[in-house]
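Morning, everyone. Please look at the structure on the screen while I walk you through it.

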Amino acid sequence: MASVDVRKVRKSYGHVEVLHGVDIDIQEGEFVILVGPSGCGKSTLLRMIAGLEEISGGEVAIGGKVVNDVAPKLRDIAMVFQSYALYPHMTVEANMGFSLRLAKAPKDEIKRRVGEAAQILGLEKLLDRYPRNLSGGQRQRVAMGRAIVRQPQVFLFDEPLSNLDAKLRVQMRSEIKQLHQRLKTTIVYVTHDQIEAMTMADRIVVMRDGHVEQFGTPLELYATPRNVFVAGFIGSPGMNLIEGRIGTDGPSEFIANGGGRLSLPPGCAVEPGRKVIYGIRPEHIALDDAGVDVEVVVVEPTGAETQIICRIGEDDIMVAQREWLTVDAHDRLTIKPDIDKVHLFDAETGERI
């Protein structure tokens with residue numbers, strides 16, 4: 001395993017710059033996930049680490065060695081693609097051992113490594129099958145096995161679960177995490193699914209428009225988002241973000257645009273009248289007769305909880321309750337946020353206050 005250092009990396013296509021000085025330090029054996037909306041530059045960055053895209057500026061180092069001008073095959077990395085990229089005319093065993101045959105490894109060594117990878121991934125009984133005879137999850141395991149047999153310093157995953165159905169995605173998330181715990185190899189993983197990022201990663205890189213918005217552990221991003229974008233992106237459902245201002249009678253309450261008053265944490269030092277965005281996660285709002293009156297807009301029962309969308313001021317917010325509730329649209333409820341879990345962001349910059 002090896003560390004991966006991305007130092008002020010830029011990427012341009014002609015006059016269009018898509019990555020703007022990205023800095024990321026990935027430790028040996030760490031599982032780091034690049035996450036963000038489509039077009040944020042996460043897959044481009046992964047391909048630059050792999051050597052499949054040229055670097056316009058900055059450096060990428062693997063194991064302390066700068067690899068900007070090193071060919072992909074010499075970087076000692078293995079990549080798992082979204083499309084599996086299996087050879088249809090080859091068996092599972094042949095697909096998994098193909099890179100070793102190209103490297104002219106001894107036959108007994110190839111057989112041993114393929115057998116070990118097949119055992120790790122539960123593919124022992126499928127080695128004689130062809131890709132057309134496999135399910136989507138089995139094909140993804142074969143693609144992972146092909147990477148494992150190379151015994152690389154770094155694994156790169158480019159949205160490997162996006163072609164799978166919801167149930168299989170959950171299963172494969174667990175299998176990939178167990179694989180990392182067993183192999184302890186450095187993994188850089190790209191996804192647009194923040195649930196994948198939260199459940200699998202040691203640390204998460206949240207990207208937007210070619211910039212790193214925040215880099216930290218899942219709980220750091222969840223508990224202390226740096227800005228409005230991270231607050232709304234991390235968490236399912238995302239954080240409620242309500243526009244308004246601090247009350248002029250003192251920093252003890254927040255007044256939403258269009259009306260509605262919410263309590264602030266004791267000792268809040270934000271100046272009265274300042275325009276802010278009030279953030280509170282759906283699970284941190286309780287139904288309480290001493291709270292603020294709101295109108296129900298939509299009710300979404302999920303089985304495990306009841307998600308209630310309410311109108312406060314000019315914004316809709318979600319309230320998540322871990323119980324079944326009989327509530328209908330246009331009903332009135334009184335809600336009370338947990339003031340110890342309130343987040344405040346500057347209305348102009350979106351940065352955390």
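Predicted model: local features only at pLDDT ≥ 70, side-chain atom pairs only at ≥ 80, totals over all residues.

**A walk through the model**

The UniProt annotation "domain: ABC transporter" covers residues 4–234, and it comes from an unreviewed entry.

Now the helix pairs. Two packed helices are described by the angle between their axes and the distance between the axes.

Take H2 and H3. H2 is residues 92–102, and H3 is residues 107–121. Their axes come within 10 Å and cross at roughly 135°. The crossing is right-handed. On the H2 side, the contact is made by Glu 93, Met 96, Gly 97, Leu 100 and Arg 101. On the H3 side, the residues include Ile 110, Lys 111 and Val 114.

Next, H4 and H5. H4 is residues 136–148, and H5 is residues 166–183. Here the axes come within 11 Å and cross at roughly 20°. That makes H4 roughly parallel to H5, because the cut-off is under 35 degrees. H4 also passes H5 in a right-handed crossing. Who meets whom? From H4 we have, among others, Gln 140, Met 144 and Ile 148. They face a set in H5 that includes Leu 168, Met 172 and Leu 179.

On to the rings. How many aromatic pairs does the structure hold? There are 6. Ring pairs link Phe 31, Phe 155, Phe 157 and Tyr 189 into a cluster.

The charged end of Arg 132 sits over the ring of Tyr 130, 4.8 Å from its centre. Arg 281 does likewise with Tyr 222: its charged end sits over that ring, 4.0 Å from the centre.

Last, two backbone details. Most residues other than glycine have a negative phi, and most peptide bonds are trans. Asp 76 is not a glycine, yet its phi is positive, about 60°. Where is Asp 76? Look in the loop between strand E5 (65–66) and strand E6 (77–80). Then find Ser 236. The peptide bond from Ser 236 to Pro 237 is cis, with omega near -5°. Pro 237 lies in the loop between helix H8 (228–233) and strand E11 (240–246).

Notes: Residues numbered from 1 in each chain as written. Heavy atoms only, no water. Phe/Tyr/Trp six-rings, centres within 6.5 Å; stacked < 30°, edge-to-face > 60°. Lys NZ or Arg CZ within 6 Å of the ring centre and 35° of its normal. UniProt positions renumbered as here; feature names shortened; annotations may be inferred. Axes fitted to C-alpha atoms, helices over the stretch in contact; angles between N-to-C directions. Helix = DSSP H or I, 4+ residues; strand = E, 2+ residues; numbered from the N terminus. Left-handed = near helix turned anticlockwise from the far one by under 90°. Contact = heavy atoms within 4.5 Å. Parallel < 35°, antiparallel > 145°, perpendicular 65-115°, else oblique.
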